[in-house]
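This report describes selected local features of a single model. It begins with the surroundings of the ligand and then turns to helix packing, backbone geometry and individual residues.

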Amino acid sequence: MSTILNEFTLDAKDNLRRLGDKANGFIGSKVLLTGAAGFLGAHFCHFFSNLNDKLNSNHKIIIYALDNFIRGKPLWIETFIKRNDFEIIDTDIIKTKTFPNVDYIIHAASVASPIFYRQKPIETMDANVIGLRNLLDHAKNSPCKSFLFFSTSEIYGDPDEFNIPTKEEYRGYVSSIGPRASYDESKRYGETLCVNFFKQYGVPVKIVRPFNNYGPGMSLNDGRVVSDFFQNIIKNQNLELFSDGKSTRTFCYVADAINAYLLVLLSKHDGHVFNVGNPKPEISIEDLAKKIIQITNTNLVINKIKNSDIEYLTDNPKRRCPDITKISKMLGFKPLISLEKGLLKSYRFYLENYKGIL
Ligand SMILES: NC(=O)c1ccc[n+]([C@@H]2O[C@H](COP(=O)([O-])OP(=O)(O)OC[C@H]3O[C@@H](n4cnc5c(N)ncnc54)[C@H](O)[C@@H]3O)[C@@H](O)[C@H]2O)c1
């Protein structure tokens, strides 16, 4: 428990340093964070609690941390239940239309893991469409300073080679009925809802498209590739590759990504969409597995096996790499944490929090 807090705290302090005076934009404000119990939610909670610990009592931020805990209640949330600057709201965004009036809305609630959104496609679409609509209606009726919507790099589908690295203008090559469509298409519609709530009602929405964020706090059974490989490592099993390993991805360490999300949230770029990722290195899944074996200094090998889910690879993009020129130029974002460093930090977290309990 204490170790979990330490890893998050190190990243939160790093982000406070990076944000500098811009963090003053949060002083005395109220923040509604949906998906607070998730991977990115955890880092936002730690960022705000660390910021609050530095502020005078009349400058404190109130954080409404909302989640329906569909994936369970993480241990660290207990710490925030005890704090009087946090209010934990155990609610499903699909079923509620009542939210606190706040200055900032960070909307990160969604079913984000491919394994789970394929098991629960209807709940996934409802959260991304009805849940988002409930929040946007609230923001229309009770104006806030800024609203951050978490879309995804998946809205680009499987881009052709001329659109890698992928710019925000690329319109996507996405199946509307494939096994990933519940997630991809509802996020696409979510973006359309957001830009039109901005145009028609002036809701100050910004959209971010995360490209494979990873790091401490991502659940080991999340079903995303980095946590899958670390699960193998922690269980001392050979690494399982459910493909030929040739598709490529880029990976953005979570503290870099949180820095980008905060810069976007605090900006005046209403109605804009930003890629958030780290374009370097673009690495094959097989090379990622090799790198993880190397940095963890284990004697494990890679086994290529067929996943029992026959649709596992359907519509899986061959390459995914962000063009981050827009966010770099408009907001000065620059990823700072190398893949090696980020993987080592993740390994430390998984070792200290999961070793012996799997
Ligand atoms: N982490 C990434 O690399 C990544 C990539 C692309 C997009 N995103 C998007 O960023 C956001 C956060 O991602 P994450 O990695 O933290 O995901 P996560 O799965 O770790 O967390 C999502 C949280 O949302 C909650 N939730 C789901 N449905 C809900 C509902 N109906 N009502 C209330 N709470 C609900 C879950 O309980 C969970 O705690 C999501 O919108 C996701 O689609 C993340």
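## Ligand shell and helix packing

Two helices, helix 2 (39-53) and helix 5 (121-141), each contribute at least two residues to the shell around the ligand. The model is predicted. Of the helices, helix 2 gives the most to this shell, with 3 residues. In total, 29 residues surround the ligand, and Gly35, Gly38, Ser110, Ala112 and Asn213 are the closest. Sorted by class, the shell around the ligand comprises 14 nonpolar, 12 polar and 3 charged residues.

Helix 7 (residues 225-234) packs against helix 11 (residues 339-354) and also against helix 9 (residues 285-296). The geometry of the two pairs is set out below.

| Helix pair | Angle between axes | Distance between axes |
|---|---|---|
| Helix 7 and helix 11 | about 50 degrees | 11 Å |
| Helix 7 and helix 9 | about 40 degrees | 11 Å |

The angle of about 40 degrees between helix 7 and helix 9 means that helix 7 is oblique to helix 9. The crossing of helix 7 past helix 9 is right-handed. On the helix 7 side, the contact is formed by Val225, Phe229 and Ile233, which meet Ile285, Leu288, Ala289, Ile292 and Thr296 of helix 9. By class, the residues of this contact between helix 7 and helix 9 are 7 nonpolar and 1 polar, with no charged residue.

For the other pair, helix 7 and helix 11 are likewise oblique to each other. Helix 7 passes helix 11 in a crossing that is right-handed. Here Val226, Phe230 and Ile234 of helix 7 meet Ser346, Tyr347, Tyr350 and Tyr354 of helix 11. The residues of the contact of helix 7 with helix 11 comprise 6 nonpolar and 1 polar, and no charged residue is among them.

## Backbone geometry

Most residues other than glycine have a negative phi, and most peptide bonds are trans. Several positions in the model may be read against that background.

Asparagine 236 is not a glycine, yet has a positive phi of about 60 degrees. This residue belongs to the loop between helix 7 and strand 8 (239-241). Asparagine 236 has 11 other C-beta atoms within 10 Å and is therefore exposed. Asparagine 297, again not a glycine, has a positive phi of about 55 degrees. Its position is in the loop between helix 9 and strand 13 (302-304). Asparagine 297 is exposed because 7 other C-beta atoms lie within 10 Å, where the limit for an exposed residue is 12 or fewer.

The peptide bond that runs from isoleucine 164 to proline 165 is cis, and its omega is near -10 degrees. Proline 165 sits in the loop between strand 5 (146-150) and helix 6 (181-201). Lysine 280 and proline 281 are also joined by a cis peptide bond, with omega of about -5 degrees. The loop that holds proline 281 lies between strand 11 (273-276) and strand 12 (283-284).

## Individual residues

Asparagine 259 is part of helix 8 (residues 254-266). Is asparagine 259 buried or exposed? It counts as buried because it has 25 C-beta neighbours inside 10 Å. Apart from neighbours within four places in sequence, asparagine 259 is in contact with Asn15, Arg18, Leu19 and Phe333. Asparagine 259 and valine 276 are 17 residues apart in sequence, and their C-alpha atoms are 9.8 Å apart in space.

Lysine 22 occupies the loop between helix 1 (2-19) and strand 1 (30-34). With 13 other C-beta atoms within 10 Å, lysine 22 is partly exposed. Lysine 22 and leucine 263 are 241 residues apart in sequence, while their C-alpha atoms are 8.2 Å apart in space.

Aspartate 126 is located in helix 5, one of the helices that supply at least two residues of the shell around the ligand. Aspartate 126 has 19 other C-beta atoms within 10 Å and is partly exposed. When residues up to four places away in sequence are not counted, aspartate 126 touches Ile94 and Gly131. Aspartate 126 and leucine 262 lie 136 residues apart along the chain, and 26 Å separates their C-alpha atoms.

Methods
Residues are numbered from 1 along each chain as its sequence is written. This is a predicted model: local features need pLDDT of at least 70, side-chain atom pairs count only at pLDDT 80 or more; totals for chains, interfaces and linings use all residues. A residue is near a molecule or strand if its C-beta atom, placed from the backbone, lies within 6 Å of it. Helices (H or I, at least four residues) and strands (E, at least two) are DSSP runs, numbered from the N terminus. Ala, Val, Leu, Ile, Met, Phe, Trp, Tyr, Cys and Pro count as nonpolar, Asp, Glu, Lys and Arg as charged, and the others, Gly among them, as polar. A residue is buried if 20 or more other C-beta atoms lie within 10 Å of its own, exposed if 12 or fewer, and partly exposed in between; C-beta atoms are placed from the backbone. Two residues are in contact if their C-beta atoms, placed from the backbone, lie within 7 Å. Axes are lines fitted to C-alpha atoms, for helices over the stretch in contact, and angles run from 0 to 180 degrees between N-to-C directions. Angles under 35 degrees count as roughly parallel, over 145 as roughly antiparallel, 65 to 115 as roughly perpendicular and the rest as oblique. A crossing is left-handed if the near helix is turned anticlockwise from the far one by less than a right angle, and right-handed if clockwise.
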